[in-house]
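Thanks for making time this morning. I would like to walk you through one model, going from the overall fold to individual strands and then to the ligand.

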Amino acid sequence: MTSLPSQTPHPPVLHSLPGSSDLIEAVAKFVVKAQNEAIDKRDKFTIALSGGSMPKNLTGLLNRNDVKWDKWEVFLADERVVPLDHPESNFKAIYDELFSKTPVNISQIHALNPDHDAIKKFFPDSSPSAKEIDESEDLQDMLEDVADEYEKKLVNAFAAREAARFPTFDLILLGMGPDGHTGSLFPGHPVSKESERWIAYVYDSPKPPPVRITLTFPVINHAYRVAFIAAGEGKQDTLHQILDSPSGDLPCAKVRPAPPGKVYWFVDDAASGKTQYQKTPFQL
Ligand SMILES: O=C1O[C@H](COP(=O)(O)O)[C@@H](O)[C@H](O)[C@H]1O
């Protein structure tokens, strides 16, 4: 077992694209580059995807003929504990927007176990309150089990190829919430301090639905590439705070992969309207 390397992280690379179609095209080119490098090395591409506004920004991949879909192994950067066909499911968002239009086999996408008891128990409309979960070891055990099950999927996928303490994703794509959260890692939440687990659960997410699982920071910061995708004026202040303020308290600012890993920001000019951070023209 090796632990996280401790070199100084590379500074984030900021690419700001004029509009939505430029952003979507740049993201597609970037993902294909990451895909090709991974396939050259290991004949496989391990990627983790987020929900929220991200899936529609991945649709540029559908216009290309150099995506080697059969080599993709897909995980969720975070997921809400809801049925897979629920409108709040990140799996559903990604599947509907992207994978349903590709030859990717469903077995290549690692979703939550749809038959887990927790899916019924924590279904948003009938979910116990955070206080009830706080007071119930059984409910917490059930959530622990959901996180464990998902973690095992990662262990199975990565253990065969590396004996590292944390998995090395070829690419993790993240969103940035207006409060600076990413995945289901929310500002000030104790899960942000998790240093051992690969997958953690949250039952008091300030953004509904409250019950979720998420990749932890050690996993995110062990990836070979992490890229945020954020668009729109509504993200301006948060992006400014994350990239221009050296204190780095928001969850997005804590994404600083250990070298050789790197973090990239793909944003539109509306989102980067206030940031002073140096922009790097996007070119491949
Ligand atoms: O709740 C979530 O929010 C973040 C950010 O979403 P966005 O709509 O502001 O882009 C998302 O990345 C995450 O996957 C999701 O569960």
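The protein has 7 helices and 9 strands, where helices (H or I, at least four residues) and strands (E, at least two) are DSSP runs numbered from the N terminus. Please keep in mind that this is a predicted model, in which local features need pLDDT of at least 70, side-chain atom pairs count only at pLDDT 80 or more, and totals for chains, interfaces and linings use all residues. Residues are numbered from 1 along each chain as its sequence is written.

Let me begin with the overall dimensions. For 284 residues a compact globule would have a radius of gyration near 19 Å, and the 18 Å of this protein agrees with that; the radius is taken over C-alpha atoms, and the globule rule is 2.2 Å times the number of residues to the power 0.38. Along the principal axes, the C-alpha atoms fill a box of roughly 50 × 40 × 40 Å. Buried residues account for 45% of the 284, and here a residue is buried if 20 or more other C-beta atoms, placed from the backbone, lie within 10 Å of its own, exposed if 12 or fewer do, and partly exposed in between.

Now to strand β2, residues 45–49, in which 5 of 5 residues are buried. In a regular strand the side chains alternate between the two faces of the sheet. In β2 both faces are covered, with Phe45, Ile47 and Leu49 buried on one side and Thr46 and Ala48 buried on the other. This strand pairs with β3 in the parallel sense over 5 bridges, pairing being called if DSSP finds at least two bridges between two strands, and Ile47 has Val74 as its bridge partner in β3. β2 also pairs in the parallel sense with β5, residues 171–174, over 2 bridges, with Ala48 standing opposite Ile172.

Helix α2, residues 90–97, has 6 of its 8 residues buried and is therefore largely enclosed by the rest of the structure. Those buried residues, which include Lys92, pack against β2, β3 and β4.

A further pairing involves β1, residues 13–17, which is largely enclosed because 4 of its 5 residues are buried. β1 runs parallel to β9, residues 262–268, with 5 bridges between them. Asp268, which lies in β9, counts as buried because it has 24 C-beta neighbours inside 10 Å. Beyond its neighbours within four places in sequence, Asp268 is in contact (C-beta atoms, placed from the backbone, within 7 Å) with residues including Ser16, Leu17 and Ala231.

There is also an open sheet of 3 strands in the order β4-β7-β6, with antiparallel pairing. Its edge strands are β4 (78–80) and β6 (199–202), each of which pairs on one side only. Helix α5, residues 137–159, packs on this sheet, touching β6 and β7, and its direction makes about 155° with that of β6; axes are lines fitted to C-alpha atoms, for helices over the stretch in contact, and angles run from 0 to 180 degrees between N-to-C directions.

Finally, which residues are closest to the ligand? Of the 13 residues that surround the ligand, the closest are Ser50, Gly51, Gly52, Ser53 and Gly175, a residue being near if its C-beta atom, placed from the backbone, lies within 6 Å. By class, this shell has 2 nonpolar, 9 polar and 2 charged residues, where Ala, Val, Leu, Ile, Met, Phe, Trp, Tyr, Cys and Pro count as nonpolar, Asp, Glu, Lys and Arg as charged, and the others, Gly among them, as polar.

How values were computed. Contact = placed C-beta atoms within 7 Å.
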